[in-house]
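Here are my notes on the model you sent over. Have the structure open while you read, and go through the points in order.

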Amino acid sequence: MIATTLADAAAAVGGRLAGGADPEALITAEVVVDSRRVTPGSLFAAVVGEHADGHDFAEAAVRDGAVAVLATRETGVPSIIVAETAGDTAADGTGAVVEALGRLARHVTDRLPQTAVVGITGSSGKTSTKDLIAQVIAHAGETIAPPGSFNNEIGLPLTALSAELATRHLVLEMGARGVGHIAYLCGVVPPRIGVVLNVGTAHLGEFGDRATIAKAKGELVEALPADGVAVLNADDPLVRAMAERTRARVVFFGEGASADIRAQDVRLDPAGRASFTLRTPDGDAPVILRLYGEHHVANALACAAVARELGMGVGEIATALGEAGSVSRWRMEVTERADGVTVVNDAYNANPDSMRAALKALAAMAGGRRTWAVLGEMRELGDASLAEHDAIGRLAVRLNIGRLVAVGGREAAWMDIAAKNEGSWGEESVLVPDTQAAVDLLRSELRAGDVVLVKASRGAALERVALALLDDGADGAGGAGGTGGVHDAAAAGEVRR
């Protein structure tokens, strides 16, 4: 973070100093919402989460080196106090501290006029594309991007606050749980380049229909300045139509002939990794991706469009795309065990579009090997839930997936029944009640050469299946490892939409 005095920070957020805070003391390290991440010079934001109140950790944070606490009440330690309001104005009403984080992020990033801010949204693929863009444009200058899916009103300002004077690119993922949320995030850190990947069926239960999802996602291009750039998916009609909603210059990407940045001659190797010819107004170049699944072609095209706008040449872009790998955990992580079983851990989250993409990637990776799709429920689909789970079960059959293991309750049962109805399957599809039952089944039936995809919405916790399989492959050495606990407020930085 740019060094900022407590007096300056308090003025920026509309707060007052308390608890003996020194107005000239400098915030020089991370702004954090997890007291365990405090380092000397940090500012600790005492966010109130569902299960924990950050104010309870204020003393510990200062003891560990925080210069002050951003809070709504005095706790006996140096603090910036902001007043609670009768009606919270943060995107989902999470409180005055969250609002203050946003105002502080705006204050700091306004001091970075040479930093290009790239905002990314879409129903699926945001995190993978964010990771791609960050890796590629890092070749053109110092780049900051969030870890994982830090894409909400907590995660986005925390990412922005990590920028420094040397930062040339700030890549921000923007999620939404309703109309107005992305507009709020754009007000926190205004983007100059906005990328909209797609409008799918994720979270229909919250949005109601795809038109409302498009309305929400399009808030990103509406926020762009006249000298900004909207990077839009020409292959998605709802995204393409957003060109009418922005005053910025529009660049289209896609596989169709009308796209400015497009892919031709798309091919998949035996491992399911795509290669294609990248075509741009400046020339063409071959691209060979390290990432698994044809769906990454669209992500790579969006990345190429951004990189070109930031001054990279087509050859440099193609080389950087070929070098980029998977960064965020549990997203198409492919690991081959010593016994020849390949585990594809895509268990971070799921929606109908990403589930279809993962199944197609699994089918492409088969190469004559037996394939397993271990699938859990897709959440927040509302009235469309039955139809979408039915469609996934049927798709598994149509793609000739060898075994379907549906994990969970009603939604999983819908997938299992649909698969059996589609293919008159018997033992090829099985319904199990929980992750342990899935692990037990796989342990008893997996054989060398099998390829196992694990995927579900986040709350289903199917990563436990993948991690157990990896632990087995490492003879108990821990496989891919687990994750440590975090304060509830810290977890809130990821909105997963």
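1. R279 has D284 in β16 as its bridge partner. Strand β15 (residues 273-280) and β16 pair in the antiparallel sense, over 7 bridges. Strands here are DSSP runs of E with at least two residues, helices are runs of H or I with at least four residues, and both are numbered from the N terminus. Two strands count as paired if DSSP finds at least two bridges between them.

2. Before going on, a word on what you are looking at. This is a predicted model, where local features need pLDDT of at least 70, side-chain atom pairs count only at pLDDT 80 or more, and totals for chains, interfaces and linings use all residues. Residues are numbered from 1 along each chain as its sequence is written, and side-chain values use heavy atoms, with hydrogens and water left out.

3. Now the whole sheet. Nine strands form an open sheet with mixed pairing, in the order β9-β10-β8-β11-β12-β13-β14-β15-β16. Its edge strands are β9 (143-144) and β16 (283-292), each of which pairs on one side only.

4. Which residues of β8 point one way, and which the other? A116, V118 and I120 go one way and V117, G119 and T121 the other, and all are buried. Buried means under 20% relative accessible area, exposed means over 50%, and partly exposed is in between (1.4 Å probe, protein chains only). Since 6 of the 6 residues of β8 (residues 116-121) are buried, the strand is largely enclosed by the rest of the structure. In a regular strand the side chains alternate between the two faces of the sheet.

5. Strand β10 (residues 169-173) runs parallel to β8 and is joined to it by 5 bridges, with H169 standing opposite A116. β11 also runs parallel to β8, joined by 4 bridges, and there V196 is the bridge partner of T121.

6. Continue to β12 (residues 229-233). Here 5 of the 5 residues are buried, so this strand is largely enclosed by the rest of the structure. V229, V231 and N233 point one way, while A230 and L232 point the other. On one pairing, β11 (residues 193-196) runs parallel to β12 with 4 bridges, and G194 has A230 as its bridge partner. On another, β13 (residues 249-254) runs parallel to β12 with 5 bridges, and F253 in β13 stands opposite N233.

7. Two backbone angles deserve a look. Most residues other than glycine have a negative phi, and most peptide bonds are trans. M332 is not a glycine, yet its phi is positive, at about 50 degrees. M332 sits in the loop between α12 (314-323) and β17 (333-336), and it is buried, with a relative accessible area of 8%. E380 also has a positive phi, near 65 degrees. E380 lies in the loop between β19 (371-375) and α14 (385-398), and it is partly exposed, with a relative accessible area of 31%.

8. Where is T72 in the chain? T72 is in the loop between β6 (68-71) and β7 (79-81). Leaving out residues up to four places away in sequence, T72 touches H55, I81, V82, E84, A96 and V97; a contact means heavy atoms within 4.5 Å. For a sense of scale, the C-alpha atoms of T72 and A396 are separated by 51 Å, and the two residues are 324 residues apart along the chain.

9. Finally, the overall numbers. The protein chain has 18 helices and 22 strands, and its C-alpha atoms fill a box of roughly 70 × 50 × 40 Å along the principal axes. Its radius of gyration is 23 Å, which agrees with the value near 23 Å for a compact globule of 497 residues; the radius is taken over C-alpha atoms, and the globule rule is 2.2 Å times the number of residues to the power 0.38. Buried residues make up 57% of the 497. Among contacts with a separation of 6 or more, 66% come from residues 24 or more positions apart.
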